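Dear colleague,

Please find below the structure that I promised to send you.

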Amino acid sequence: MKNIPIYGITEFSETDLVTAFYANNLRSHLQSHRFVNSAHKHSTYIAVLFTEGNGKHEIDFNTYEVHPGSVFLLTPGQVHSWELSADINGYVFFHTESFYNAVYLSKKMTDFPFFYLQTNYPVIYLQDEKLEPITSLFKAIYEEYQTNLPFKFQKLNSLIDLTYIQLSRSYQEHNKVVDKQPFQYNRIKKLEKLIDENFKTKKLPKDYADLMNMTTRHLNRICQETFNKTTTDLILKRVMVEAQRMLIHSDVTVAVVADSLGYEDYSYFIRLFKKQIGESPKKFQNRMTNSAIVNSKNDLLF
């Protein structure tokens with residue numbers, strides 16, 4: 001079985017911050033690292049600002065438009081790929097969680113609304129007066145990364161903090177964010193982690209309610225208040241993301257995917273997949289495979 005590649009920072013950087021931080025202008029980044037032409041994951045947080053060009057950005061099988069002013073914010077482990085025009089440009093930076101968290105005693109990466117949860121909306125579309133200051137910050141990060149001046153680490157950390165603060169203000173204007181009360185937030189984070197660890201073997205809301213020492217009804221109410229979704233919806237979403245990943249990025253059959261995800265009834269899995277995704281697993285697999293072949297022939301950077 002083929003595995004989806006996972007890239008850290010060492011694949012991109014050769015500087016003194018090789019394991020913690022990387023930044024580049026987007027055109028140079030794409031031209032220098034063509035090994036990421038196919039779908040892949042990162043073990044780091046990623047921020048990408050597009051200033052020129054257009055295209056599409058697929059993140060865990062959701063497709064988002066790319067145009068000047070688009071800012072994408074990805075958490076570790078998300079699968080993504082691009083279809084970008086030849087005139088694309090902008091800025092990109094990666095960093096580990098510890099790069100940011102180690103500096104501050106009273107705040108952390110997940111304080112920012114786009115990083116609260118893995119299910120948060122991953123893009124901000126900026127225009128006019130809000131785009132200019134963000135572009136200046138991304139440019140300052142890129143330029144500082146090229147230097148070898150004293151306190152480089154500290155300045156980069158301060159710049160990304162300012163960038164995230166500015167982006168958070170715009171994000172909250174356009175997206176529904178979690179009411180981040182500490183106790184409620186911690187329970188949602190725990191549920192996400194439990195689903196991620198157990199979705200292949202535990203499919204029922206009661207399974208997770210028991211693990212969290214609460215009633216199924218109480219857990220469902222938390223999910224409804226936070227996401228306007230049921231606990232079952234969240235479990236199925238994680239299952240379907242994994243199913244789609246396997247169908248596209250592995251050389252296994254639909255039957256093997258069903259079995260791997262804990263569905264002994266192959267026919268039931270097909271019906272469930274079709275209900276959730278809108279087409280059968282085989283049709284989805286064929287469509288995505290054919291699309292990848294066509295895209296590889298296009299004159300695209302990424």
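Glu197 is partly exposed, with a relative accessible area of 48%; here buried means under 20% relative accessible area, exposed over 50%, and partly exposed in between (1.4 Å probe, protein chains only). Its salt-bridge partner is Lys193, at 2.4 Å from N to O, where a salt bridge is a side-chain nitrogen of Lys or Arg within 4 Å of a carboxyl oxygen of Asp or Glu. Lys193 is exposed, at 53% relative accessibility. The two residues are four positions apart in helix H5 (residues 182–198), which means that about one helical turn separates Lys193 from Glu197. Helices (H or I, at least four residues) and strands (E, at least two) are DSSP runs, numbered from the N terminus.

Before going further, please note that this is a predicted model, in which local features need pLDDT of at least 70 and side-chain atom pairs count only at pLDDT 80 or more, while totals for chains, interfaces and linings use all residues. Residues are numbered from 1 along each chain as its sequence is written, and side-chain values use heavy atoms, with hydrogens and water left out.

A second salt bridge joins the side chains of Asp196 and Arg238 (2.7 Å, N to O). Because Asp196 lies in helix H5 and Arg238 in helix H8 (residues 231–249), this pair ties together parts that are 42 residues apart in sequence. Asp196 is partly exposed, at 35% relative accessible area, whereas Arg238 is buried, at 18%. Salt bridges with shared partners connect Asp60, Asp196, Arg238, Glu242 and Arg245 in one network.

Helix H8 itself is mostly covered, with 15 of its 19 residues buried. From first C-alpha to last, H8 reaches 27 Å, close to the 27 Å expected at 1.5 Å a residue; the expected span is 1.5 Å times one less than the number of residues. H8 packs against helix H10 (residues 266–277) at an angle of about 105°, with the axes 11 Å apart. Axes are lines fitted to C-alpha atoms, for helices over the stretch in contact, and angles run from 0 to 180 degrees between N-to-C directions. H8 and H10 are therefore roughly perpendicular (65 to 115 degrees; under 35 counts as roughly parallel, over 145 as roughly antiparallel and the rest as oblique). Among the residues that make this contact are Leu236 and Met240 of H8 and Phe269 and Leu272 of H10, contact meaning heavy atoms within 4.5 Å.

A further salt bridge pairs Lys155 with Glu144 (3.5 Å, N to O). It links distant parts of the chain, with Lys155 in helix H4 (residues 152–174) and Glu144 in helix H3 (residues 128–145), 11 residues apart. Lys155 is partly exposed, at 43% relative accessibility, while Glu144 is buried, at 7%. The axes of H3 and H4 come within 10 Å and cross at roughly 160°, which means that H3 is roughly antiparallel to H4. Residues that meet here include Leu137 and Ile141 in H3, and Leu159 and Thr163 in H4.

For the chain as a whole, the count comes to 11 salt bridges. The protein chain has 11 helices and 10 strands, and buried residues make up 49% of its 302 residues.

With kind regards
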